[in-house]
Amino acid sequence: MATLKIKKGDTVKVITGKDNGKEGKVIAIDRKNNKVIVEGVNMITKHAKPSQANPNGGILQKEAPLDLSNVMYVHKGKATRIGFKVENGKKVRFAKSTGEVID
């Protein structure tokens, strides 16, 4: 399985689609389907029946998954591509625009 360049907790920017230009934090990643859920982006309305967790039911707003290719990592306020390199025997991510190590 290929290594994903985006991780949970990263700040990303949507680069295409109806939410183009919006930024948010990654909540979850679906590695199998290459999907990512970003906080406050790609909101959908879900009609929920009353249940024990939600006694009133009603219409809920929630984030829907986006394709991983539709988001870009944000480094110092700018969207950038991500690469991998080995430093001190450890594989690290780095921002291609600046060359700085991310983590």
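Contact is taken here to mean heavy atoms within 4.5 Å. In this predicted model, Ile6 touches Val12, Val26, Ile29, Leu68, Tyr73, Ile82 and Arg93, when residues up to four places away in sequence are not counted. Ile6 also belongs to the largest nonpolar core, a set of 13 residues in which Ile6, Val12, Val36, Val38, Leu66, Leu68 and Val71 have the most contacts inside the core. At least two residues of this core are supplied by each of strand 1 (11-14), strand 3 (35-38) and strand 7 (71-75). In soluble globular proteins, nonpolar side chains tend to be buried together.

An open sheet of six strands is present, with antiparallel pairing and the order 6-3-2-1-7-8. Its edges are formed by strand 6 (66-67) and strand 8 (78-80), each of which has a single partner strand, so that one side of each is left without a neighbour in the sheet. Strand 6 runs antiparallel to strand 3, to which two bridges join it, and within this pairing Leu66 of strand 6 is the bridge partner of Val36. Both Val36 and Leu66 are among the core residues with the most contacts inside the core.

Lys91 is found in strand 10, which spans residues 90-95. With a relative accessible area of 51%, Lys91 is classed as exposed, because the cut-off for that class is over 50%. Leaving aside neighbours within four places in sequence, Lys91 is in contact with Thr3, Phe84, Lys85 and Val86. Lys91 and Asp103, which are twelve residues apart in sequence, lie 9.4 Å apart in space, C-alpha to C-alpha.

Technical notes. Residues are numbered from 1 along each chain as its sequence is written. This is a predicted model: local features need pLDDT of at least 70, side-chain atom pairs count only at pLDDT 80 or more; totals for chains, interfaces and linings use all residues. Side-chain values use heavy atoms; hydrogens and water are left out. A nonpolar core is a set of buried Ala, Val, Leu, Ile, Met, Phe, Trp, Tyr and Cys residues joined through side-chain atoms within 4.5 Å. Buried means under 20% relative accessible area, exposed over 50%, partly exposed in between (1.4 Å probe, protein chains only). Helices (H or I, at least four residues) and strands (E, at least two) are DSSP runs, numbered from the N terminus. Two strands pair if DSSP finds at least two bridges between them.
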